[in-house]
Amino acid sequence: MSKRVYLDTNVILDLLGEREPFYYSIAQVATLADQKKLQIIVSPISFATVNYFLSKFEGILVAKDKLRKFEVLCEISIIDETIIEKGLNSSFEDFEDALQYFCAVDSGCEVIITRNAKDFKNSLLPVMSAEEFIKSIS
């Protein structure tokens, strides 16, 4: 079974928004997923947030087209009552980060990829930037 990696919203924005200088390393992660060398897991919250920002900057049609293409590469985690309760009762300062974290844990992910590692300081999973992750598997 391939490695299961959880993508935080900010790195999905880096990928789909082609934000420099972060685009190259997250594009490498997406390429590995496309080659079936790893499995990308994302939250439904991330789809909503990324759609919001991409729509503002690139238009609704472009945003949805990019998300449709991205969705083929990933598995979408489930947010249910248990995840909400864990998030509400966790030591995470930010509720959205808590939901992301518990989605990653519940989905059996081995690592969280983000540009804001400090948001996951309470994580029991390794937390890395896309660049750090690529270096760790090279």
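Ala48 sits in helix 3, where helices (H or I, at least four residues) and strands (E, at least two) are DSSP runs numbered from the N terminus. With a relative accessibility of 49%, Ala48 counts as partly exposed, the class in between buried (under 20% relative accessible area) and exposed (over 50%), using a 1.4 Å probe and protein chains only. Its C-alpha atom is separated by 9.6 Å from that of Thr9, 39 residues apart along the chain. A word on the model: it is a predicted one, so local features need pLDDT of at least 70 and side-chain atom pairs count only at pLDDT 80 or more, while totals for chains, interfaces and linings use all residues. Residues are numbered from 1 along each chain as its sequence is written, and side-chain values use heavy atoms, with hydrogens and water left out.

Five strands make up an open sheet with parallel pairing, in the order 3-2-1-4-5; two strands pair if DSSP finds at least two bridges between them. Strand 3 (74-76) and strand 5 (127-128) are the edge strands, each pairing on one side only. Strand 1 pairs in the parallel sense with strand 2 over four bridges, and Tyr6 stands opposite Ile41 of strand 2. With strand 4 (residues 111-113), strand 1 pairs over three bridges, again parallel, and here Val5 has Val111 as its bridge partner. Strand 1 is also mostly covered, with four of its five residues buried.

Strand 2 (residues 38-42) runs parallel to strand 3 and is joined to it by three bridges. In this pairing, Val42 stands opposite Ile76. Packed on the sheet is helix 4 (residues 60-71), which touches strand 1 (3-7), strand 2 and strand 3, and whose direction makes about 100° with that of strand 3. Contact here means heavy atoms within 4.5 Å; axes are lines fitted to C-alpha atoms, for helices over the stretch in contact, and angles run from 0 to 180 degrees between N-to-C directions.

Helix 4 itself has 12 residues and reaches 16 Å from first C-alpha to last, close to the 16 Å expected at 1.5 Å a residue (that is, 1.5 Å times one less than the number of residues). Its buried residues are Ala63, Lys66, Leu67 and Phe70.
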